[in-house]
Amino acid sequence: MRRRRPLNRRWWGLVFVSPVVAYFAVFSIFPVMFGFALSLTDYDLLDPPNWVGLDNFYALFADRLFLTAFANTLVFVAGATVPVWLASLLAALLFDQAFRGRTVLKTLFFLPVLPPVVVVAVVWRMLLHPNGVMTWLAGAWRGVTEIDWLTNTVLAPLSMIAVHDWAAIPFFMLIWLAGLAGIPPELREAAHIDGATPLSTFWHIDLPLLRSTAVLVAALSTINAFQTFTLQYVLSPDPGGPANSTLVLGLLVLKYGFQYFRMGDAAAISVVMFALILAVTAAQLWFNRRAS
Amino acid sequence: MRARARGRLLLFLVAFAAAVVFAFPIWVMVTSAFKAEPEIQAIPIHWLPHDFQWLARFREAAEFAPLWRYFFNSTLLSLVHVAITVFFGALAGFGFAKYRFPGRGFLFFFVICTLMIPFQILVVPLFIEVKAFGWENSYPGLIIPGMMNAFGVFMMRQYAADLPDELLEAGRVDGAGEFHMFLRIVLPLLLPALTSLAIIVFIWSWGTFLWPLVIVQDRELNVLAVGLTNYSQPYQHAPMWGAAMAASTVATIPIAGLFVFFQRYFIKGLTAAAVKG
């Protein structure tokens with residue numbers, strides 16, 4: 001008589017992971033492949049896709065709008081990484097000290113992390129009204145009553161960066177604080193006993209141990225900044241404006257894809273963005289490997 | 001000793017200034033939600049409403065656009081995402097951590113690869129795919145893409161790997177089936193990590209903007225994040241700042257609530273997601 005043997009135990013592992021694998025095959029891996037294929041076609045959602053090879057990519061590098069968006073994205077990335085990296089580190093060092101009211105003040109400082117990006121954009125759009133609160137704070141003492149924060153081609157990209165950094169700095173402070181918490185206090189005490197100044201303690205003890213955190217903050221802020229889109233879409237009275245000065249790659253994907261229905265071109269821009277982001281990830285891994 | 005006290009005072013003053021600068025916009029948002037419309041852009045600023053409006057701005061926001069419907073849709077989307085990611089993330093994480101089956105390494109790599117794909121890369125092809133499914137402008141189209149996050153698998157695999165094998169063996173001796181053991185033994189042990197995961201997934205899904213923007217046209221189906229733009233840039237209408245601030249406050253409350261009630265898990269979730277996201 002044959003007895004039914006229970007399913008070999010290790011196969012249960014396959015059963016447990018299969019829903020997730022199937023889901024990602026359909027909603028992540030397939031669309032990525034499909035996106036690559038799409039970037040090699042002309043497709044307007046109505047007629048069947050038309051194979052054009054690499055023409056979309058050649059066209060992008062002659063496309064003024066794409067080059068503008070590319071340059072604007074690089075400017076935004078510069079403004080959303082270096083200042084954020086420095087300011088969030090300083091904030092973490094500040095709130096890592098012991099002083100009265102530290103917990104309350106840290107919580108207040110952390111508040112910008114709570115609202116979703118769209119809320120950030122809507123609130124700042126009101127604050128940056130030409131005759132609004134920020135104009136009052138920045139201009140009232142010198143008699144200025146109107147500042148075109150969001151409708152001046154020089155100021156608008158800077159306003160985007162400032163608003164982004166306002167929300168990003170407290171978030172990255174958290175990451176630095178987690179890194180600082182991992183440093184054994186004995187090390188600092190030992191340095192203190194040896195007569196090291198706080199600055200040299202930081203330089204010779206904290207900073208080398210924070211190396212992976214430093215790389216992480218740099219990489220993550222760069223990757224986030226490359227994908228920026230919501231701020232430029234919601235904060236500006238004219239998405240991407242004025243005069244395309246805040247047009248970034250993420251916004252251009254939306255414009256080509258869902259306004260002009262040039263799906264092939266939109267997919268090609270996505271591929272370029274993907275390549276940029278992968279390059280950042282690769283740099284992060286390389287830096288981390290070199291550190292260890 | 002005196003130099004030290006002076007140093008502490010200096011630290012306090014710097015921290016105080018930083019906190020004021022960073023909290024200021026949130027203060028303006030919340031107080032403006034209770035101000036009369038002309039008061040909102042008053043110069044100099046009214047730090048507190050002079051003409052306290054109680055809930056009038058919220059009512060106005062709900063009359064101008066289906067604010068509570070948006071709220072419901074955002075809640076539905078976020079809770080489905082949380083439930084799916086937490087349950088299947090734990091299941092797959094456990095599967096990857098504690099079973100040696102053929103193809104394990106490859107499948108894990110396959111799942112982790114999806115972590116590196118930014119959503120903006122997916123939006124165009126995913127839109128075409130979901131449209132082909134006939135899910136455009138519907139709840140399935142809004143909710144299903146993005147309801148599972150590979151970060152959940154990654155995080156849960158790490159926590160499941162730390163579970164002692166003896167506990168699982170004890171469960172097996174008692175004659176429990178593998179899935180039963182997962183439900184009865186593994187899930188409860190993973191609960192603290194699952195709480196952090198649930199919070200971070202809720203935050204992500206609650207703020208999601210790009211996908212609802214392209215996949216949904218009906219205002220009855222839209223989420224709060226997209227609905228908010230109705231107030232700041234209404235079609236052929238001056239911006240309604242009072243209603244916009246009231247709706248923005250509504251959109252921030254769930255996240256603020258999680259922060260207040262689950263602060264430790266909240267911080268843990270955000271940090272874990274950054275480190276491995």
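**Exercises on a predicted two-chain model**

The crossing of helix 8 of chain B with helix 11 of chain B is right-handed, a crossing being right-handed if the near helix is turned clockwise from the far one by less than a right angle, and left-handed if anticlockwise. This is a predicted model, in which local features need pLDDT of at least 70, side-chain atom pairs count only at pLDDT 80 or more, and totals for chains, interfaces and linings use all residues. Residues are numbered from 1 along each chain as its sequence is written, while chains are lettered from A in the order in which they are written.

**Exercise 1.** Determine how the axes of helix 8 and helix 11 of chain B are related.

Step one: the axes of helix 8 (residues 150-161) and helix 11 (residues 191-207) of chain B come within 11 Å and cross at roughly 165°, where axes are lines fitted to C-alpha atoms over the stretch in contact and angles run from 0 to 180 degrees between N-to-C directions. Step two: helix 8 of chain B is therefore roughly antiparallel to helix 11 of chain B, the term covering angles over 145 degrees.

**Exercise 2.** Identify which residues of helix 8 of chain B meet helix 11 of chain B.

From helix 8 of chain B, Gly152(B), Met155(B), Met156(B) and Tyr159(B) meet Ala193(B), Leu197(B) and Val201(B) of helix 11 of chain B, contact requiring C-beta atoms, placed from the backbone, within 7 Å. By class, the residues of this contact are six nonpolar, one polar and no charged, with Ala, Val, Leu, Ile, Met, Phe, Trp, Tyr, Cys and Pro counted as nonpolar, Asp, Glu, Lys and Arg as charged, and the others, Gly among them, as polar.

Definitions and conventions: Helix = DSSP H or I, 4+ residues; strand = E, 2+ residues; numbered from the N terminus. Parallel < 35°, antiparallel > 145°, perpendicular 65-115°, else oblique. Contact = placed C-beta atoms within 7 Å.
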